[in-house]
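Good morning, and thank you for the time.

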Amino acid sequence: MREKIDNEYPENLNSVDFWDEYLGFISGDNGLTLQTMDGGKA
Amino acid sequence: MWGNAIGDKSAVIITTNGRNSTVYSPIAEDLELIGFDFWNTRFGYVGAKAGKVFRTGNSASTWVDVSAPTTSSITGYYLFAPSVLYVTGSEGYISNAFDSEVTWAEKKNTNTTEDLRDIAFFDYPTGFAIGTKGEIIWSFGGTIWENLTSLTDENLNGLAKLDSPTAIVVGDNGVIVRGTQKA
C-alpha cells in the first residue's frame, strides 16, 4: 500500500535518508529540511 | 564522521571529521556529476551524463572509469556489495553489474521512457525505482520492470528504504509518498 503524506511545505524535495526505521531527514529547495521521528507517518 | 558530496566540474569533496575540514578530490574529466553512492568509506561510485560511471576503492583518491554503454545520464545506485550494483538513468535506463570488472548487462526492460532518478531493493529479488512524472516501477528479479499506479504526476527525486517492506519517496512540490509493501 502507498499513501501520500501530508506536507505543508511546497518546496521541491530532492533527497531523503533514514538513520533507522524511525528517524529520517528530507532535504529540499530553499534550504528546506524536514525531520520525521515515526518513519515518515508525520 | 565521514561524508562526501559531488558537483559540477567533476568535484568530489570528502570529509573524515564531520565537515570540520574537507578534501577536494576531483575526477580527471570535466563532468557534471549527478549521482553517487558509497559502500563504505573507501569504495564508491559517481555518475554523469552519457553513461559515465567512475569507481573508487581508496576514498576518492583515484577514480577508475567503468562507464556503462548508454547515452543515458547515470543518476541512482543500489549496491548489494562493492561490485554488485544496479544503476538508474535517464530515458528509463536500468542496468546492473555483478563482477569486479563492472561488466554492464544489457539495458533492462523497464517499460518506461521517464528519467529514472533512484533505485532500491528490499531484498535480492524485489526492487523498485522512481523517476519523472510520478513514475514508480517494480521488479521481482531485476530484469523486467512493471509500472505501478502512481499517486502523483510530480517528479520523484529521492527514496529511502526504512525496513524490509517500507520506503519513503520524495518529489517536487512537497510530495512525500510512503509505501509499506515493498514499493
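This is a predicted model: local features need pLDDT of at least 70, side-chain atom pairs count only at pLDDT 80 or more; totals for chains, interfaces and linings use all residues.

Strand S1 of chain A, residues 2-4, runs antiparallel to S17(B), and three bridges join them. In general, strands of a sheet pair through backbone hydrogen bonds, either parallel or antiparallel.

Let us now turn to chain B. S15(B) and S16(B) are antiparallel as well, pairing over five bridges. Within this pair, Ala160(B) has Ile168(B) of S16(B) as its bridge partner. The two strands form a hairpin, with five residues between them.

How many strands form the open sheet, and in what order? There are four, in the order S1(A)-S17(B)-S16(B)-S15(B), with antiparallel pairing. S1 of chain A and S15 of chain B stand at the edges; each has a single partner strand, so one side of each is left without a neighbour in the sheet. From one strand to the next, the twist averages 20°.

Finally, I come to the contact between the chains. Chain A contributes 21 residues and chain B contributes 22 residues. On the side of chain B that touches chain A, at least two residues come from each of strand S15 (156-161), strand S16 (167-171) and strand S17 (176-179). By class, that side of chain B has 10 polar, nine nonpolar and three charged residues.

Definitions and conventions:
Residues are numbered from 1 along each chain as its sequence is written. Chains are lettered from A and ligands numbered from 1 in the order in which they are written. Two residues are in contact if their C-beta atoms, placed from the backbone, lie within 7 Å. Ala, Val, Leu, Ile, Met, Phe, Trp, Tyr, Cys and Pro count as nonpolar, Asp, Glu, Lys and Arg as charged, and the others, Gly among them, as polar. Two strands pair if DSSP finds at least two bridges between them. Axes are lines fitted to C-alpha atoms, for helices over the stretch in contact, and angles run from 0 to 180 degrees between N-to-C directions.
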